Amino acid sequence: MTVIIETKKLTKKYGSKAALDSLDLTVNKGEVLGYLGPNGAGKTTTIRLLLGLTHPSDGSATIFGEDATRHAADIHKRIAYVPGETNLWPSLSGAETLKFLANLHGSIDEAYQKELIKKFDFDPNKKVRTYSKGNRQKIALIAAFATRADLLIFDEPTSGLDPVMAKIFRDEVLAAKKNGQTVFLSSHILEEVEELCDRIAVLRAGKLVELGTLDELRHFSAVTVEATFTGKPPSVSGIKGVSNIEIHDHFLRCNITGSIDELLTVISKAKPVSFLSRKPSLEELFLAIYKTPSGEK
Amino acid sequence: MAKRTFSPSRAMRRFGFRQTIRGALIIGVLSGLMMGAQGAAYAAAYPNQKDRDAFVTSLSSVPALGFMAGEAKNALLPASYSIYKSIALTTLLAAIWGLMTTTRLLRGQEEDGRLEPILAGRTTKMAASLHILIGYGYSFVIAIVISWAAIAALGLDPQVDLSIGHAGLLSLGVFLPGLFFASLGVLTSQLALTRGRALAYGLGVLLFLFTLRGAANSITDWNGWKHFSPFGWTDLLNPVLDPQLIWILPTLAFTIIVIPLALFFAKQRDLGESVLPESQFARSHFYLLGSDFGYSIRQNIWPFIWWTLGAIAYAGLLSSIAKVGADALSSSPAFVKIVSTLGGNHDDIVISFLGLGGMFTALILLVMSAVSIGSIRRQEAKGYLDTILVQPIHRSAWLTKRLIILAVMVLAISLIASYTIWQIAENTGVSLDLWIILQNGTTLVGSVLLLIGAGALLYGVLPRLAAIVMYVAIVWGFVVDVLKSFLTLDDSIDKTSLLHYATFTPTKTPDWETFTWLLGIGIFLAALGVWRFAKRDIVNE
């Protein structure tokens with residue numbers, strides 16, 4: 001499998017504080033990688049390092065096999081990037097900005113750009129300073145997708161977009177993936193990540209704490225079990241791996257990690273009238289990761 | 001749980017104060033030194049009243065000198081001499097500071113979206129603007145007090161003999177135009193949609209009123225026009241020789257009328273809108289959008305035009321009065337010394353006057369270089385540079401191209417100003433060799449290129465400080481140059497001034513050797529700066 005992004009012990013320190021600490025990460029060709037973490041976890045720091053805007057304190061990052069800092073300009077021929085807060089020149093019009101960005105990048109699918117302008121319902125005939133945040137974001141997205149770059153890097157790209165436009169964004173990411181493009185997506189919108197991403201990386205305080213497919217992450221996490229009984233629910237507090245027990249009248253809810261056999265035996269003996277077991281959502285996984293003390297899994 | 005409450009009004013006043021106090025300290029110290037430091041030097045150069053009277057008579061016979069100076073009568077006494085020498089410049093600086101500060105505080109903050117979180121709190125647009133302005137008012141008063149203290153302290157010299165009260169009035173006179181244009185900035189911030197436009201409206205008025213006052217001072221028949229300019233009101237205040245306090249009133253009246261009007265506009269209009277309607281739609285023009293280099297040129301077209309006009313105006317003004325000024329002032333040895341020293345020629349006073357035009361051109365080009373390096377830093381701070389550098393563009397190439405554009409602009413403006421000097425000299429009967437003048441116009445930019453190189457190095461190492469250090473170097477050079485026209489300065493001090501290397505003598509064989517050295521050092525420093533820039537992090541605001 002072709003590796004598009006590879007970081008080895010990538011570290012960025014500001015003074016004595018590590019904004020990113022020994023990040024080891026690979027992103028493969030055609031993959032959509034979700035990059036999660038709360039504010040200040042080091043997501044944007046990672047992206048700025050990948051783009052060569054900042055220099056690593058230690059370790060390295062390569063994109064397409066080339067050093068991300070030293071060969072930034074060459075790498076950027078095959079990259080398109082959309083930041084969360086797009087800084088565009090206020091005196092230019094939308095059309096001028098799209099033209100300028102296309103010229104700077106050097107390659108553009110003009111027909112696709114026109115199609116994107118329509119899809120995103122964007123009016124390019126206004127000055128950038130008059131656009132709302134969402135519309136400025138649309139310019140950046142249209143410019144990025146229209147390059148059909150091998151690697152798309154998004155840093156919270158849908159902030160400011162309405163749900164309809166966010167859906168169009170997701171469709172375009174899926175189309176890009178189908179087209180063989182690689183996507184690095186940093187986002188706070190977990191549904192978006194859940195829908196789009198093949199693998200998910202979770203950062204906390206500059207460290208990578210989880211990396212894998214959603215199913216792999218779930219494997220290490222608790223399963224939620226809910227059951228209703230005709231009588232009083234059985235006691236499950238002594239069962240290994242059970243946590244977060246909630247009991248209301250005839251209703252029982254708890255989480256379980258590891259083997260579920262003993263819990264099933266106890267519940268079935270108590271004659272349940274309903275039983276539900278479900279995998280945790282990404283949101284539940286994310287919250288669970290952040291509830292555990294630093295460094296623990 | 002006990003809930004702590006804060007006063008939003010107090011918070012905004014503190015915000016306004018914190019945003020402006022640094023500028024206030026700088027302008028306070030600068031104006032205080034400029035207005036206070038020259039009395040003693042003047043007393044040393046003109047020790048007796050007879051010489052001073054003769055000097056004033058000479059100055060009065062060339063009213064055109066008053067365009068960039070105060071009224072000639074102020075040169076009668078060391079206590080008031082600085083009014084003649086520097087009032088035009090200091091009031092201009094204070095006015096620009098006032099205008100830039102209020103447009104930044106109000107329209108600038110609004111344009112950057114920083115007013116929204118403030119207005120989401122327990123306040124209104126009108127109250128927020130008012131309290132931010134009050135915070136700025138504190139800084140403004142501090143600037144006046146610092147200036148006053150500096151002028152008063154330097155005026156204690158028995159040879160100068162400036163009373164504390166007169167020093168206070170002098171300081172007030174310096175800052176009255178600042179108050180006028182700060183108030184105007186409050187108004188234009190409501191009228192215009194962007195800070196740039198609010199500033200442009202204000203600068204248009206400022207240039208007109210400054211020129212009006214200059215013309216009123218230079219042309220005897222137009223003397224009454226100074227009654228209609230805030231710069232003229234400072235002249236009429238006459239703070240040292242014969243104070244006329246009534247001339248404080250026009251500025252106060254303007255402020256009292258304009259600020260409530262502007263606050264009313266702030267209340268009436270929507271956030272993000274302006275009183276003057278502006279179309280959201282724009283016809284697209286795609287010229288010079290083919291590359292980052294092209295766009296840099298596009299961005300610099302208007303600044304280039306404005307700086308060129310400024311250089312032509314100054315060079316042209318001094319050239320146009322060269323012959324008549326030289327004839328009138330040649331009987332004053334001290335004045336001849338000043339002009340000869342500043343103009344870089346000790347043989348012919350007319351040529352020295354033309355050299356003065358060259359010195360002002362160099363000064364303008366030095367300031368332009370500092371402004372341009374500041375603008376490069378702003379591109380980075382605002383995040384526009386991120387948008388460029390995530391494209392296939394080499395960092396070092398980007399900065400090199402910007403520096404080349406700046407160097408070409410500097411050279412072009414110098415040559416245009418040199419040609420202007422030659423043309424005006426020809427028209428006034430002073431025959432000069434155009435080829436020699438153009439060569440001198442080229443060598444003149446050596447020190448500017450050196451400053452650009454140093455600025456590039458600073459930008460590569462300490463981006464936030466680059467422009468500030470450049471301004472300090474320029475002011476230092478100007479102060480040394482002015483002082484050396486009065487006093488005998490040690491050669492080693494003189495050599496620390498950038499203007500020492502920027503002499504322009506229209507008849508002298510160009511000093512290509514010094515130019516080559518300055519150019520070489522400038523290029524070396526710039527190359528170091530570009531190299532450092534490529535190695536450092538991009539730092540946003």
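This is a predicted model: local features need pLDDT of at least 70, side-chain atom pairs count only at pLDDT 80 or more; totals for chains, interfaces and linings use all residues.
K226(B) sits in the loop between α8 (195-218) and α9 (230-237) of chain B, while E71(B) sits in the loop between α3 and α4 of chain B, so the bridge ties together parts that are 155 residues apart in sequence. E71(B) counts as buried too, at 16% relative accessibility. As a reminder for anyone new to this, side chains of opposite charge can pair when their charged atoms come close.

Let me stay in chain B for another pair. The side chains of R377(B) and E380(B) also meet in a salt bridge, here at 3.5 Å from N to O. These two are three residues apart in helix α14 (residues 349-381) of chain B, which means they are separated by about one helical turn. An α-helix has 3.6 residues a turn, so residues three or four places apart point the same way.

Now back to where we began, with a wider view. E71(B) and K226(B) belong to a network, in which salt bridges that share partners also join K73(B), R213(B) and D235(B).

Over all chains, the structure holds 28 salt bridges. One of them is in chain A, where the side chains of K119(A) and E172(A) meet at 2.7 Å, N to O. This pair links distant parts of the chain: K119(A) is in helix α4 (residues 110-119) of chain A and E172(A) is in helix α6 (residues 163-178) of chain A, 53 residues apart. The two ends have their own surroundings. K119(A) is partly exposed, with a relative accessible area of 35%, whereas E172(A) counts as buried at 3% relative accessibility.

While we are in chain A, please look at helix α1 (residues 43-50). Seven of its eight residues are buried, so this helix is largely enclosed by the rest of the structure. Which residues of α1(A) are the buried ones? They are K43(A), T45(A), T46(A), I47(A), R48(A), L49(A) and L50(A). Just after α1(A) comes G52(A), which takes a positive phi of about 80 degrees.

Next, let me zoom out to the domains of chain B. The domain assignment gives domain 1 (8-276) and domain 2 (289-541). Between them, the contact takes 21 residues from domain 1 of chain B and 20 residues from domain 2 of chain B. Their C-alpha centres lie 26 Å apart.

What is this domain contact made of? Domain 1 of chain B and domain 2 of chain B bury about 1700 Å² between them, with 77% of it on carbon and sulfur atoms. On the domain 1 side, α1 (8-36), α2 (38-45), α3 (49-60) and α4 (78-111) of chain B each supply at least two residues. By class, that side has 16 nonpolar, two polar and three charged residues. The count of salt bridges between the two domains is zero, and the rule also finds zero residue pairs in polar contact there, taking both residues at pLDDT 80 or more.

Finally, let's see where the two chains meet. The contact takes 39 residues from chain B and 34 residues from chain A. Together, chain B and chain A bury about 3100 Å², of which carbon and sulfur atoms give 58%.

How many salt bridges cross between chain B and chain A? The rule finds three. K12(A) forms a salt bridge with D537(B), and the closest N and O atoms are 2.5 Å apart. There are also 17 residue pairs in polar contact between chain B and chain A, both residues being at pLDDT 80 or more.

On the side of chain B that touches chain A, the elements that give two or more residues are α11 (292-320), α15 (384-389) and α21 (512-535) of chain B. The largest share, five residues, comes from α15(B). By class, the residues on this side of chain B divide into 14 nonpolar, 14 polar and 11 charged.

Conventions. Residues are numbered from 1 along each chain as its sequence is written. Chains are lettered from A and ligands numbered from 1 in the order in which they are written. Side-chain values use heavy atoms; hydrogens and water are left out. Domain bounds come from an automatic or database domain assignment. Contact means heavy atoms within 4.5 Å. Buried area is the accessible area (1.4 Å probe) that two parts lose on being put together, summed over both. A salt bridge is a side-chain nitrogen of Lys or Arg within 4 Å of a carboxyl oxygen of Asp or Glu. A polar contact is a pair of N or O atoms within 3.5 Å; within protein, one must be able to donate a hydrogen and the other to accept it, and residues adjacent in sequence count only if both atoms are side-chain atoms. Helices (H or I, at least four residues) and strands (E, at least two) are DSSP runs, numbered from the N terminus. Ala, Val, Leu, Ile, Met, Phe, Trp, Tyr, Cys and Pro count as nonpolar, Asp, Glu, Lys and Arg as charged, and the others, Gly among them, as polar. Buried means under 20% relative accessible area, exposed over 50%, partly exposed in between (1.4 Å probe, protein chains only).
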